[in-house]
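The tour below goes from stop to stop and says what to select at each one.

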Amino acid sequence: MRKFVFLAAVLLSAFAVLHAAREPQPDSRMKNSFRRAEQNGWIYVHLEGSPAEIGFQHGALLAKEIEDAKKAIQLSLTHDSKDWSFWRDAAQNTLWPKTPAEYQAEIQGIVEGLKSKGVKLDAWDVTAMNAWLELSPYYVNWYDKAHKVSAPKQPTPEHCSAFVATGSYTKDAKPVIAHNNWTDYITGTRWNIIFDVAPATGHRFIMDGMPGLIHSGDDFGLNDAGIMITETTISQFNSFDPKGVPEFARARKAMQYSESIDDFARIMKEGNNGGYANDWLIADRKTGEVASLELGLKNVNLMRTKDGYFVGSNYPIDAKLAREETDFDVNNKSVSANARHIRWDALMKENKGRIDVAAAQRFLADHFDTFENKEQPDERTLCGHIDLSPRGSKPWQPEFGPAGAVQSKATSSAMAERMEMNAALGHSCGIHFKSADFLAKHPEFKWQKPSLKDMDSRPWTTFRASK
């Protein structure tokens, strides 16, 4: 009997070992990473480790969302422009060789993570996704001119409204920074990820972003060295250097490695290719200083203060930069960028000494049109609603173009010290966008139907880097 029991125990043990060997084993690259359930439309992911590990985690945790985002980006890039093979070729032959090895490894990791979930995208797809904001119009306009291609010049989109303030302008005399992301709705409704990244080197950071992007894209984030970052694009910018380092790589490096405003400016200027040219707004919560880095290709201007503010709404600041590197009319007060600039200045002055995160959230929902001198949501208001405007926002968007503010973020020095930020999806003013209703009224945009989604206005939500 004892022999039988012993033999049975041996057989059971062998079966258990064989069964365990056949069970899928957790991938060691996923260690310490996780994804939380959606919260008011946001997906929070924690990524940690080496570049390859962070990339693998990103690809595996967000595989379905990355595949969906790629379809939306491809639709946006290829409508009335080049086919996807053109953008893949640019990614492979122009951008990839200039991308730092650290971020090449992370992109390759994303591809491996996607593969583990059955999604078949390669490094050129993922690189093109990361670079889509600099590929069009910056790269494609340069390419057409350099290769004497007869094609309409692509306009520079108006991405975002933002401010940073400090000293006598804020309630606690410390920096406050806020931003809303302007883009087309077919891509903007995918900008719903909160990335909490703990890299093996550099600083931990938290930022908003799109699935598949190793940088924020609309560039709102903060790191544990006390640097708070955002930006707005420079309208109708027309310079590009194909020999430079991709903007997406420099933006990610600056988020990860900056310990001061000087660090940030140095990293962004090194290898500057002129792609996705922005006015960067930066704050250092350790010193209370804020800055504006207007990063053209030929003209670069850094301004800083410990008592004041900087605002962004896509207008060029420096007259020389505007004249030499843009086609923008700085004197036309009816255009969106100038009208919003006027509104920002008014709000900063009216609220001097009282600006905090709550005030920032009100500003980002503002509907005052300074050209019409009345409340009406349109392309000239801080909370942008181009889809409601019979003028559109030309040359970027035609009449009633489905584009505008797609989400908002804000943080203060106190929140940044806790690695916190507030974020709200959709128009923060409370107005919803319903795709079926819109397309019924404006069938000229039916080409967007495969990727155009509803965009509900969601409540503000606080996110903190996990412990």
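Helices (H or I, at least four residues) and strands (E, at least two) are DSSP runs, numbered from the N terminus. This is a predicted model, in which local features need pLDDT of at least 70 and side-chain atom pairs count only at pLDDT 80 or more, while totals for chains, interfaces and linings use all residues. Residues are numbered from 1 along each chain as its sequence is written, and side-chain values use heavy atoms, with hydrogens and water left out.

**The whole chain**

Select everything. The protein has 14 helices and 17 strands. Its C-alpha trace spans about 100 × 55 × 45 Å along the principal axes. The radius of gyration, taken over C-alpha atoms, can be set against a globule rule of 2.2 Å times the number of residues to the power 0.38. For 467 residues, a compact globule would have a value near 23 Å, and the protein agrees with its 23 Å.

Now colour by accessibility. Buried means under 20% relative accessible area, exposed means over 50%, and partly exposed is in between (1.4 Å probe, protein chains only). Of the 467 residues, 58% are buried. Among contacts with a separation of 6 or more, 67% are between residues 24 or more positions apart.

**Helix α9**

Select residues 261-269, which form helix α9. Which residues of α9 are buried? They are I261, D263, F264, A265, I267 and M268. Show next what these buried residues pack against: the helix α8 (247-257) and the strands β8 (227-233), β9 (278-284), β10 (289-295) and β11 (300-305). After α9 comes G271, which has a positive phi near 75 degrees.

Two packed helices are described by the angle between their axes and the distance between the axes. Axes here are lines fitted to C-alpha atoms, for helices over the stretch in contact, and angles run from 0 to 180 degrees between N-to-C directions. Angles under 35 degrees count as roughly parallel, over 145 as roughly antiparallel, 65 to 115 as roughly perpendicular and the rest as oblique.

To see the contact, show E102, Y103, E106 and I107 in α5 with F248, A249, R252, K253, Q256 and Y257 in α8. By class, these residues are 5 nonpolar, 1 polar and 4 charged. Ala, Val, Leu, Ile, Met, Phe, Trp, Tyr, Cys and Pro count as nonpolar, Asp, Glu, Lys and Arg as charged, and the others, Gly among them, as polar.

**Helices α2 and α3**

Move to α2 (residues 51-61) and α3 (residues 63-78), whose axes come within 5 Å and cross at roughly 80 degrees. That angle makes α2 roughly perpendicular to α3. Select H58, G59, A60 and L61 in α2, which meet A63, E65 and I66 in α3. This contact has 4 nonpolar, 2 polar and 1 charged residues.

**Two cis peptide bonds**

Zoom in on S136 and P137, where the peptide bond is cis, with omega near 10 degrees. P137 is in helix α6, residues 123-146. Another cis peptide bond joins K394 and P395, with omega about 10 degrees. P395 is in the loop between β14 (374-375) and β15 (403-412).

**Positive phi outside glycine**

K148 has a positive phi, near 55 degrees, and is a residue other than glycine. Look for K148 in the loop between α6 and β3 (161-166). Is K148 buried or exposed? K148 counts as exposed, at 76% relative accessibility. M419 has a phi near 60 degrees and is in the loop between α13 (413-417) and β16 (420-425). With a relative accessible area of 10%, M419 is buried.

**The cysteines**

How many disulfides does a search of the whole structure find? The search finds 0, a disulfide being a pair of cysteine sulfur atoms within 2.5 Å.

How values were computed:
Contact means heavy atoms within 4.5 Å.
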